[in-house]
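Dear colleague,

Please find below the structure that I am handing over to you. My notes on what was found in it follow directly after.

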Amino acid sequence: GRSRRLGSDKRRLRLWGEHGPTLLERTVERVHGLCAEVIVVLNDAEHWAHLPARLVADRYPDGGPLGGIYSGLCVARYAHALVVAADMPLLNLELLRWMIAQPRDYDVLAPRVASSARNRLGVETLHAIYSRACLEAIARQLEAGNPQVIGFFDQVRVRLIEADVVARFDPAGLTFRNINTPADLA
């Protein structure tokens, strides 16, 4: 993202003190213990060379999150990839572990969000698992100029995690909170 609503690069926020990790460093740290391969899609890799991750350029810089998902899946070594946003400081590792442990009988595994609908399906698309089988459908959509993540869901096998299942791991409903505005930051 471009952090327009926040007014500064949210990836560089230090929510854990001035000497603590940045938001992006914290996200990489959290998923590093869960995944055999960590890929970060960005267009300023020179500023993040210290990250213990594979840094790749966004193949669709104007494609929003869908372009980032596509870019990461293109280079992923594995058939499925966990995708999380860098602006979610309260990722719930137990929920992520549960998601990763699910049988791979889907192309997209995404949780429904109890609080506010993020899209017409009410799912959190940036806290999900995607299969490389999605690449063709995503590419068609991006080439058509439609960056809406759920726009290709009708072309692949989607398994939704209902909100009550998410609540078992995250009863306070914090895991999907993200930082987009100064109010979110406060």
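Asp105 has a relative accessible area of 47% and therefore counts as partly exposed. Please bear in mind throughout that the model is predicted.

Side chains of opposite charge can pair when their charged atoms come close. Asp105 forms a salt bridge with Arg159, and the closest N and O atoms of the two are 3.9 Å apart. Because Arg159 lies in strand S6 and Asp105 in the loop between H3 and S4, this pair ties together parts that are 54 residues apart in sequence. Arg159, with a relative accessible area of 24%, is partly exposed as well.

The loop between H3 and S4 also holds Asp107. The side chain of Asp107 meets that of Arg157 in a salt bridge, at 3.2 Å from N to O. Arg157 is in the loop between helix H4 (135-143) and S6, so that the pair links distant parts of the chain, 50 residues apart. Asp107 is buried, with a relative accessible area of 8%, whereas Arg157 is partly exposed at 44%.

Asp107 is also one of the residues in contact with Ser131, leaving aside the neighbours of Ser131 within four places in sequence; the others are Leu73, Ala79, His80 and Tyr106. Ser131 is found in strand S5. Its relative accessibility is 6%, and Ser131 therefore counts as buried, since buried means under 20%.

A further salt bridge joins Glu25 and Arg14, whose closest N and O atoms are 3.9 Å apart. Glu25 lies in helix H1 and Arg14 in the segment before H1, so the pair ties together parts that are 11 residues apart in sequence. Glu25 counts as buried at 18% relative accessibility, while Arg14 counts as partly exposed at 39%. The whole structure has 12 salt bridges.

Finally, I turn to helix H3. Which residues of helix H3 (residues 93-101) are buried? They are Leu93, Leu95, Leu96 and Met99. These residues cover an arc of only 160° around the axis, which puts them on the same side of H3. Among the elements that cover them are helix H1 (23-32), strand S5 (127-131) and helix H5 (163-169). At the N-terminal end, H3 is capped by Asn92, with a side-chain oxygen 3.0 Å from the backbone nitrogen of Glu94.

With kind regards

Key
Residues numbered from 1 in each chain as written. Predicted model: local features only at pLDDT ≥ 70, side-chain atom pairs only at ≥ 80, totals over all residues. Heavy atoms only, no water. Buried < 20%, exposed > 50% of the residue type's maximum accessible area, 1.4 Å probe, protein only. Helix = DSSP H or I, 4+ residues; strand = E, 2+ residues; numbered from the N terminus. Arc of directions from axis to C-beta. Contact = heavy atoms within 4.5 Å. Polar contact = N/O pair within 3.5 Å; in protein donor to acceptor, adjacent residues only side chain to side chain. Salt bridge = Lys/Arg side-chain N within 4 Å of Asp/Glu carboxyl O.
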